[in-house]
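Please look through the structure shown here, with attention to its strands, its helices and its aromatic rings.

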Amino acid sequence: MMIEQNRILKDLCSYRTGGAAEFYAAVQTDDELAEALAFAAEKGLEITILGGGYNVLISDKGVSGIVINTAGLNCHTTVNGTEVYAGAGIMIDDLAEMTAQAGLCGMEDMSGIPGTVGGAVRMNAGAFATEIKDIAVCVDMMDWDGRRYRVQNADAGFGYRRAEGLKGVVTGAMFLLKQGEPEAIKARRAEILAKRDEKQPLDFPSCGSVFKRPEGNYAGTLIEKCGLKGFRIGGAVVSEKHANFILNVDNATSDDIYSLILHVQDTVEKETGIRLEREVRFIGF
């Protein structure tokens, strides 16, 4: 593992924006992760964990302290009957494909979700009525002092787009799936991917859904009702296809996107009384 200085981060973020990390480490094993955490402790550095970079907006001014990239962490899977263990760096969509091919059902509704197992567990990702909490048995973690520990599902604090009981860094997770018919599972996966392609704007950089779903409503519906589809600040625009997506259509800066997110929040709150809660995580702001 190498500790880099002033590492530009925009190529590690799905928005393709953002400045540099003061210090940066890409880790592939638990030992490398512990080494990076020890370096941060020794230097008194603030720690930022970056996974696949699909649900983040990184400041144009960069990130102080150390950014630890876990997108390559423990990239292995093991299957034991209906139990599937996946390291934090495995892409959720790759895991959904692998389990579908193996005739294991339970992950096919998550097909097409961008990001890694680590990020998906941390935010209890989900789609089409299936969430990580529904299939996770336990989560392997490393605390900020480099100690490994395991958290059972009931203690993870899973809620809508959160896992409040997980303290430290996700290193892997065990999932319990069910035996199924491979062809039927693969057909469901294909159906989900087609729905995503039909409804979501995938031609420009984005973070996916910007806002969480308000209780009893949909963020995209509220944004559209406020006439914000197509609203633009700099190179960032609210998607015409799906209003809960903000796209980088013309060399947007993170400040463009940040300003547009705040404008959408303020406008929706003013017109509907509902303050949309961000799903995207701000880094360095």
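How many bridges join strand E18 to E19? Strand E18 (residues 236-238) is joined to E19 by 3 bridges, and the two run antiparallel; strands count as paired if DSSP finds at least two bridges between them. Here helices (H or I, at least four residues) and strands (E, at least two) are DSSP runs, numbered from the N terminus. The model is predicted, so that local features need pLDDT of at least 70 and side-chain atom pairs count only at pLDDT 80 or more, while totals for chains, interfaces and linings use all residues. Residues are numbered from 1 along each chain as its sequence is written, and side-chain values use heavy atoms, with hydrogens and water left out.

The open sheet has 3 strands in the order E17-E18-E19, with antiparallel pairing. Because strand E17 (232-233) and strand E19 (246-248) stand at the edges with a single partner strand each, one side of each is left without a neighbour in the sheet. Within the sheet, valine 237 stands opposite leucine 247 in E19.

Turning to the aromatic rings, pairs are counted for rings of Phe, Tyr and Trp (its six-membered ring) with centres within 6.5 Å; planes under 30 degrees apart are stacked, over 60 edge-to-face and the rest tilted. The count comes to 4 aromatic pairs, including the two tabulated here.

| Pair | Centre to centre | Between planes | Class |
|---|---|---|---|
| Tyr258 and Phe282 | 5.1 Å | 50 degrees | tilted |
| Phe282 and Phe285 | 5.1 Å | 45 degrees | tilted |

Ring pairs link Tyr258, Phe282 and Phe285 into a cluster. Tyrosine 258 lies in helix H7 and phenylalanine 282 in strand E20 (residues 281-283), so their pair ties together parts that are 24 residues apart in sequence.
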